[in-house]
Amino acid sequence: MHAIGAPPGITGAGLDETRKKKRQWFEELFNDDYARTMPRLSSAYVEREARFIDESLGCARGATILDLGCGTGAQAVALAQRGLEVIGVDLSLAMLARAADEAADRNQRINFVQGDMRDMSFDEAFDGVVCWGMTFGYF
């Protein structure tokens, strides 16, 4: 018996595997070409964002912050410069490479991790979490 809409020979679990292998639009879009062509935010603009995030979270210096969908790391680096320990997570390796370069250029040690925010399981591991920009809206 074939699942409705499945190609011949794919049934049950095989259909699920076919769906899992299909990449989502956001997995394709944020590649090296995107990273090269995106506009660079001014330092003043990023600092205003970081100040807002920092004040809104209200965490003490040295607190551990998770930046979900950190992209090129601009906010993560600015938060680290404000005395916060930051871990940045993003799905795109191209964006994470740019983030690591940005952190190195500004002498900040930030742990950037490739991962999908929908598959994370942390239990009280962070003092604050930020998901800046549009990332959360993709889902």
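Analyst: **Helix α6**

Ala94, Met95, Leu96, Ala99, Glu102 and Ala103 are the buried residues of α6. Buried means under 20% relative accessible area, exposed over 50%, and partly exposed in between (1.4 Å probe, protein chains only). The model is predicted: local features need pLDDT of at least 70, side-chain atom pairs count only at pLDDT 80 or more, and totals for chains, interfaces and linings use all residues. Residues are numbered from 1 along each chain as its sequence is written, and side-chain values use heavy atoms, with hydrogens and water left out.

The helix runs over residues 93–105, 13 residues in all. Helices (H or I, at least four residues) and strands (E, at least two) are DSSP runs, numbered from the N terminus. From first C-alpha to last, α6 reaches 18 Å, close to the 18 Å expected at 1.5 Å a residue. That expected span is 1.5 Å times one less than the number of residues.

What do the buried residues of α6 pack against? Their partners are α3 (32–37), α5 (74–81), β2 (85–90) and β3 (111–114). Contact means heavy atoms within 4.5 Å.

Now the ends. At the start of α6, a side-chain oxygen of serine 92 comes within 3.4 Å of the backbone nitrogen of alanine 94. Just after α6, asparagine 107 has a positive phi of about 55°.

For comparison, take helix α4, where aspartate 54 is found. Aspartate 54 counts as buried because its relative accessibility is 4%. Setting aside residues up to four places away in sequence, aspartate 54 touches Cys59, Arg61, Leu79, Arg82 and Leu84.

Conventions
Polar contact = N/O pair within 3.5 Å; in protein donor to acceptor, adjacent residues only side chain to side chain.
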